[in-house]
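Here are my notes on the model, point by point. Please keep the structure open as you read.

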Amino acid sequence: MTEYSIIYAPLDQATRTEQVVERLSNAIISGILQTDAQLPNENELSRLLGVSPVTVRDALNTLRARQLIDTRRGRHGGSFVCQVPVEVMRKYHPLRLMASGELADFSEFHCAVIGHSARLAAQRSTPGELRKLEQLIDSFAAATQPDARIQTDMRCLLTLASQSQSARLANQELEIQAEWTPLMGLLYQEAAVHSEVAAAWRTLLAALYKGDDLACYQLAQKMITQITDHLLECKLRVDTDAPFLQRSDRE
């Protein structure tokens, strides 16, 4: 499972153009879809997102109007991600668009899913499965670029949810990540935050190896809560127009 699978996961039946715009805009603003990345064509986007071609076309028109994508003609043409100006990143960043109370509520829901996943994983995971998670955690800890940190952290979370052996929990975590992943773009530009989360993952892993389900439940929830505290701090900076890091400023 990759970050692209999360971006292009099917939307629900109530989806309208605004939801497609939000999904793709968040991925672009947060840097998951990088400058010059090509989007799937309209028919493929329609199939992946589970919406009509007309809805996709309207959404792409909105993204073009916001200077987030441009369309290139010719044999190798299509819709491509633009170099996003700082003022556009600030205006449409998902942390700015999400109210603080909404972010806190979303975090509580994520805590519930990951906490329960960790508890069940402690009871049900095999040593081989935990070694797979350990390898992902090592990759996350070693990542030096924000994009790689986001990608490996999301894979760790999805792997933990899948090791609960609950399809519902794993699917719920996948749905959560459609909103959670874009929020992490600014956060993982900060090396200190990355180190803190990596340490939290290693502590959780040690409890998983011991099969301590209560400790795993508490540690997983604590990790998400710590991340949320940092997200709220980032949101405050965005909302007050504090210096906004561009992609070129990343480590």
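1. Start at Arg237. This residue is partly exposed, with a relative accessible area of 35%. The class "partly exposed" sits between buried (under 20% relative accessible area) and exposed (over 50%), with a 1.4 Å probe and protein chains only. The model is predicted: local features need pLDDT of at least 70, side-chain atom pairs count only at pLDDT 80 or more, and totals for chains, interfaces and linings use all residues. Residues are numbered from 1 along each chain as its sequence is written, and side-chain values use heavy atoms, leaving out hydrogens and water.

2. Which residue pairs with Arg237? Glu190 forms a salt bridge with Arg237, and the closest N and O atoms are 2.6 Å apart. Glu190 lies in the loop between α10 and α11 (191-210) and Arg237 in helix α12 (residues 213-239), so the pair ties together parts that are 47 residues apart in sequence. Glu190 is partly exposed, with a relative accessible area of 27%. A salt bridge here is a side-chain nitrogen of Lys or Arg within 4 Å of a carboxyl oxygen of Asp or Glu. Helices (H or I, at least four residues) and strands (E, at least two) are DSSP runs, numbered from the N terminus.

3. How many salt bridges does a search of the whole structure find? The count is 7. One of them joins Asp36 and Arg72, with the closest N and O atoms 2.9 Å apart. Asp36 lies in the loop between α2 and α3 (42-49) and Arg72 in strand β1 (residues 69-72), so the pair ties together parts 36 residues apart in sequence. Asp36 is partly exposed at 47% relative accessible area. Arg72 also counts as partly exposed, at 34% relative accessibility.

4. Next, Glu42 and Arg57. Their salt bridge has its closest N and O atoms 3.1 Å apart. The pair links distant parts of the chain: Glu42 is in helix α3 and Arg57 in helix α4 (residues 53-65), 15 residues apart. Relative accessibility is 25% for Glu42, which counts as partly exposed. Arg57 counts as partly exposed at 37%.

5. Look at the backbone of Asp36 too. Its phi is near 75°, a positive value in a residue other than glycine. Gln165 has a positive phi as well, about 60°, and is not a glycine. Gln165 is placed in the loop between α9 (146-162) and α10. For context, most residues other than glycine have a negative phi.

6. Now check Glu173, in helix α10 (residues 167-187). Is Glu173 buried or exposed? Glu173 is buried yet has no salt bridge; the nearest side chain of opposite charge, Arg155, is 12 Å away. The side chain of Glu173 does make a polar contact of 2.8 Å with the side chain of Gln177. A polar contact is a pair of N or O atoms within 3.5 Å; within protein, one must be able to donate a hydrogen and the other to accept it, and residues adjacent in sequence count only if both atoms are side-chain atoms.

7. The surface carries a patch of negative charge. Glu22, Glu102, Asp105, Glu108 and Glu179 gather there. Helix α7 (residues 100-124) gives the most to this patch, with 3 residues. Glu22 lies in helix α2 (residues 17-29). At 45% relative accessibility, Glu22 counts as partly exposed. Patches are made of residues with over 30% relative accessible area and no salt bridge: like charges are joined within 9 Å, nonpolar side chains (Val, Leu, Ile, Met, Phe, Trp, Tyr) within 5 Å. The place of a charge is taken as NZ of Lys, CZ of Arg, CG of Asp or CD of Glu. Areas come from the Shrake-Rupley method with a 1.4 Å probe; for residues, only the protein chains shown count as cover.

8. Two further residue pairs deserve a look. Ala112 is in helix α7. Ala112 counts as partly exposed at 40% relative accessibility. Ala112 and Tyr217 are 105 residues apart in sequence and 9.0 Å apart in space, C-alpha to C-alpha. Asn61 lies in helix α4. Its relative accessible area is 38%, so Asn61 is partly exposed. Asn61 and Thr71 are 10 residues apart in sequence and 9.7 Å apart in space, C-alpha to C-alpha.

Note on methods
Lys, Arg positive; Asp, Glu negative; His and termini not counted.
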